[in-house]
Amino acid sequence: MTTSWWSVVAGAVGGVLLLWIALIGVLWFGRPDELRIRDALRLLPDVVRLLRRLAGDRTLPRGVRIRLWLLLAYLAMPFDLVPDFIPVIGYADDAVIVAFALRSVARRAGPAALDRHWPGSSDGLAAVRRLAGLPPTS
């Protein structure tokens, strides 16, 4: 029994569509609850500077710096995993990906690295610590 090329293409497209729907579900249920997306977007310039500073810090492990450079490259790309025209989660995908990356960096490099390189206000740092799943500073 031979399979025609269009059924292979249809199967591949269907598989990609299912993966995309699963990604949307993960982003929807994994979005940060404590921090509204609008607040996260307001923090974006400071967070990008933080990521750049962390990526350039040679005292951090190489794997952490590579993850941060990949994140910065993703943020600089003109397209997203979830298009921005999709309500709520279209803009939330960047915030969720940044939150996951910050949690990973904080686990591997330590919260002191975030504190040391934060360029913004103390309120902004408190919001980033919440976004990264870290306890507030005392």
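Select D46 and R49. These two side chains form a salt bridge, with the closest N and O atoms 2.1 Å apart. Keep in mind that this is a predicted model. Both residues sit in helix α2 (residues 37-56), and because they are 3 residues apart there, about one helical turn separates them. Now colour the pair by accessibility. D46 counts as buried, at 18% relative accessibility. The cut-off for buried is under 20%. R49 counts as partly exposed, at 41%.

**Zoom out**

Show the whole protein as a cartoon. How many helices and strands does the protein have? There are 6 helices and 0 strands. Follow the elements from the N terminus and they read α-α-α-α-α-α. The protein has 138 residues, and buried ones make up 36% of them. Switch to a surface view. The protein exposes about 8800 Å², and carbon and sulfur atoms supply 65% of that.

**Next salt bridge: D57 and R116**

The structure holds 3 salt bridges. For another one, select D57 and R116. Their side chains meet at 3.0 Å, N to O. Which parts of the chain does this pair link? D57 is in the loop between α2 and α3, while R116 is in helix α5 (residues 111-117). The two are 59 residues apart, so the pair links distant parts of the chain. Check the cover on D57 as well: at 10% relative accessibility, D57 counts as buried.

**Then R129 and D115**

R129 forms a salt bridge with D115, and the closest N and O atoms are 2.8 Å apart. R129 lies in helix α6 (residues 122-131) and D115 in helix α5, so the bridge ties together parts 14 residues apart in sequence. D115 is partly exposed, with 31%.

**Along α6 and just past it**

Select helix α6. Buried residues here are G124, L125, A127, V128, R129 and L131. R129 is the salt-bridge partner of D115 from the previous stop. Now pick A126, also in helix α6. A126 counts as partly exposed, at 32% relative accessibility. Draw a distance from A126 to P136. The C-alpha atoms are 6.2 Å apart in space, and the residues are 10 apart in sequence.

Move on to G133. Just after α6, G133 takes a positive phi of about 75 degrees. F100 is found in helix α4. At 40% relative accessibility, F100 counts as partly exposed.

**A positive patch**

You are now on α4. Keep the surface on and select R67, R103, R107 and R108. These arginines gather in a patch of positive charge on the surface. Which helix gives the most to the patch? Helix α4 (residues 89-109) does, with 3 residues. R67 lies in helix α3 (residues 62-76). Look at R67 by itself: R67 is partly exposed, with a relative accessible area of 36%. Joining a patch takes over 30% relative accessible area and no salt bridge, and the 36% of R67 is the value to hold against that cut-off.

**A nonpolar patch**

For the last stop, select W5, W6, V9 and V13. They form a nonpolar patch on the surface. Together these residues have about 520 Å² of accessible area. Centre the view on W6. W6 lies in helix α1 (residues 5-30). Is W6 buried or exposed? W6 is exposed, with a relative accessible area of 55%. Exposed here stands for over 50%.

- D46 with R49: a salt bridge at 2.1 Å.
- D57 with R116: a salt bridge at 3.0 Å.
- R129 with D115: a salt bridge at 2.8 Å.
- R67, R103, R107 and R108: the patch of positive charge.
- W5, W6, V9 and V13: the nonpolar patch.

Notes: Residues are numbered from 1 along each chain as its sequence is written. This is a predicted model: local features need pLDDT of at least 70, side-chain atom pairs count only at pLDDT 80 or more; totals for chains, interfaces and linings use all residues. Side-chain values use heavy atoms; hydrogens and water are left out. Patches are made of residues with over 30% relative accessible area and no salt bridge: like charges are joined within 9 Å, nonpolar side chains (Val, Leu, Ile, Met, Phe, Trp, Tyr) within 5 Å. Accessible areas come from the Shrake-Rupley method with a 1.4 Å probe; for residues, only the protein chains shown count as cover. A salt bridge is a side-chain nitrogen of Lys or Arg within 4 Å of a carboxyl oxygen of Asp or Glu. Lys and Arg count as positive and Asp and Glu as negative; His and the chain ends are not counted. The place of a charge is taken as NZ of Lys, CZ of Arg, CG of Asp or CD of Glu. Helices (H or I, at least four residues) and strands (E, at least two) are DSSP runs, numbered from the N terminus. Buried means under 20% relative accessible area, exposed over 50%, partly exposed in between (1.4 Å probe, protein chains only).
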